[in-house]
Amino acid sequence: MSTTSNTPAPSEFERLPWPRPPEARRERPSRSAWQDAWLRLKRDAWAVGSASFLGALAVFTLAGPLLWPIDPAAPSLARLSELPSLGRQVRVVAKDTPETAARAATETVSRDTPETAPPAPAPGETLAAPPPAHLRLLGAPNVLGVRLVWQALPGAASYTVYRAPGPALLHAQALGVPLAEVPASPQPHYQDSFELGPGPWLYSVVAQNSDGDESPPSQPLKVDLEPGMALGDALSENAEARLGELISLKAHPMGTDSFGRDLLARLIQGARISLSIGLLAPLLALFIGLGVGGAAGLFGGKVDLWVMRVTDVFLALPFLLVAILLQVTLGLPPLTALVALSWVGPARLVRGQILQLREQEFVQASRLLGAGPVHLLLQHLLPNTLGVLLVAVTFAIPQAIFTEAFLSFIGLGVEPPAASWGTLCNDGIRTFLTSPHEFLFPALFISGTVLSFNLLGDALRDALDPKLRGRS
Amino acid sequence: MNGFFRYFLKRLALGVLTVFVLATATFTALHLIPGDPLLSEKEQTPELRASLMKQYHLDQPPLVQYGYFLKDLSRGEFGISFTQPNRKVNDIIRDHFPVSATLGLLAISLAATGGILLGSFSALRRGQALDRATLFWVILGVSVPNFVIAACLQLAISEFNQKTGTEWLPVGGWGSFHHRILPAIVLALGTQAFLTRLMRSSLLEVVHQDYVRTARAKGLSPLRIFFVHQLKNAVLPVLTYLGPSIASVTTGGFVVESVFAIPGLGRYFVQAIQQLDYTVILGLTVFYGSFLVLMVLAVDLLYGLVDPRISLEGRTR
């Protein structure tokens, strides 16, 4: 009864004009699944941001050696662990040889003899209150050497020279580190060249008598050093260097490492190694996985059973431990160790996809029309697994970079002098507290790259997911 | 129960097989290393050397040696360190593993509670600021290597300690409970991020299930719905991941213990790698490997018991 009432009567239909007027059309341009995914990917701000970062990174890696043609392996003893700088200027200063220093000292003795010779102390008198006086500079101080002289103190057996870095001026009473013990002489002097750097330094002298009693420290002497460099070192930086002139040093936009090598050049070199491992390992693993998983899925039966048994064991192996084992004992490079262990995931993925797909109607139809296994695989099965595989590879890349960095960090990286970002981190962390840039820059590169690939992978997965299609 | 028993046997067999493969790989590796294992013995007479060879079964063909190796292994004997004479690998494990285990346990519990809490909050507040912040945190947590987090945290805290003159949070060493806080946090972060993401997506799937709607229709309080109906079901995937996350916390320990100067087994392992102390590397690999395989197995079996719906066949990880 209800069926008839629900059926429209012929009179209820109206005739529409044909072809339909444009306003009556309800069409959308037809898009393939890939076009659709691409459109949605472009709308994702995170994906676009990550992709641009990775693009910039590709330029950095490929064009880097051309734009920044500095040898990443060239050390410079004059510029160890330097903070990032662009075209710093230093004065070229003369380096004191022991002979010149000794000559200068004897000259002083004859030139400025003390105004009034202090009375000789009575025998048995202990070193009394007066501290060593008249602490002053001899000649012009520079970062290669600071020459000090002070008035001899009667009764002193030796003097200890202390030095404190400039900021210690704030903390009174801080003598700093003892530099040397100077034996008593009519004109005591000392030349300091121990790890001097530009900036203010504070010198003071304490006298001791033969019993080891100490006098109070002398009036501190403040020395302000400007950046300087020895002529020999300066010539390697700038061929025009002359003594006493200001020269511009080579720029190190990211500073230098503890061997004085340019960090930017090393980061570019490291990018080549880290990224080539990060990209090659997943891709090679994917191809092996495609072959093995494809065969297992396509042939099924015994082949499938055995392949799955093997992958079961591989999956159960602790990945990093075996990677360590392979590298330590067989000396396999990181790339090989990674590939040898990471083909399992793609293999299982491909097998699962193919098992799912091969029962579907379009594959059955193709088989009915006489398609062979190769045709089926290349024409129907693989193109339909491509989306899933693409997402898997995008997530495998940061994983590989991460793993390589981990292995390098614990000392299993590429052989020096080559360096990946992970080995740079490993080198940098030793001096992290004094020069953090050596660690932070490679760490930033690793984190940024892994972050971008992860974000891109997330976006790609969402874009390729048909369940999310049509939602914004 | 029969199904569970079959699954149990299958998993056990796979676990034993895995350890066996690992041990065999280790033995092969040990024999591929160039060099003479007795070279470190000084002033050898031919007689002494022969007796040593006999003692270590080095005069036997490789297959027989392999048999002895497996026999030693089954008794838990891993040999003697190359670089520290007279120190057995077993002693190293006994001395240093408890430290790593304490740290690892703390990290795992931090990661699990943090992940479940943060994941639940972000799923319940989906699309809001908290959720977005959590998602960013998660992606950051899985993208920044733990040695970077460790070093930066160390720098920041030591700077802070210097400024304020406090020493409540030491940045290295081992001893009091305070020493465990920073390394445990660093160790937990990556895993915590992953578990947060897992918890969030699994709770999102549960939130709109029919039984949740029914519970709401019955007038149950939101808290009761959350704890009894949603959390209980959503937490299961997080539990499965606990097995693998024990592995990631263990290997993470290699780095964290080195950075924080903690006398754990992980730091020892890294030192052995850097000094090429082969017996220690191989012994610890087998030890860690068996430990991890056992843990994953235990977690998977527990999971099979906890979730009655699970079809035990076909799950292999």
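Biologist: What should I know about numbering and the model before I start?

Modeller: Residues count from 1 along each chain as its sequence is written, while chains are lettered from A and ligands numbered from 1 in the order in which they are written. The model is predicted, so to speak of local features takes pLDDT of at least 70 and side-chain atom pairs count only at pLDDT 80 or more, whereas totals for chains, interfaces and linings use all residues.

Biologist: How many helices and strands does chain A have?

Modeller: Helices (H or I, at least four residues) and strands (E, at least two) are DSSP runs, numbered from the N terminus. Chain A has 14 helices and 10 strands.

Biologist: Which strands form the open sheet, and in what order?

Modeller: Two strands pair if DSSP finds at least two bridges between them. In chain A the order is S2-S3-S6, with antiparallel pairing. Strand S2 (136-137) and strand S6 (189-192) of chain A are the edges, each pairing on one side only. S2(A) meets strand S3 (residues 146-149) of chain A over 2 bridges, and Leu137(A) has Leu148(A) as its bridge partner in S3(A).

Biologist: How many residues of chain A are in contact with chain B?

Modeller: Contact means that the C-beta atoms of two residues, placed from the backbone, lie within 7 Å. Here 34 residues of chain A are in contact with 35 residues of chain B. On the chain A side, H14(A) gives the largest share, 8 residues.
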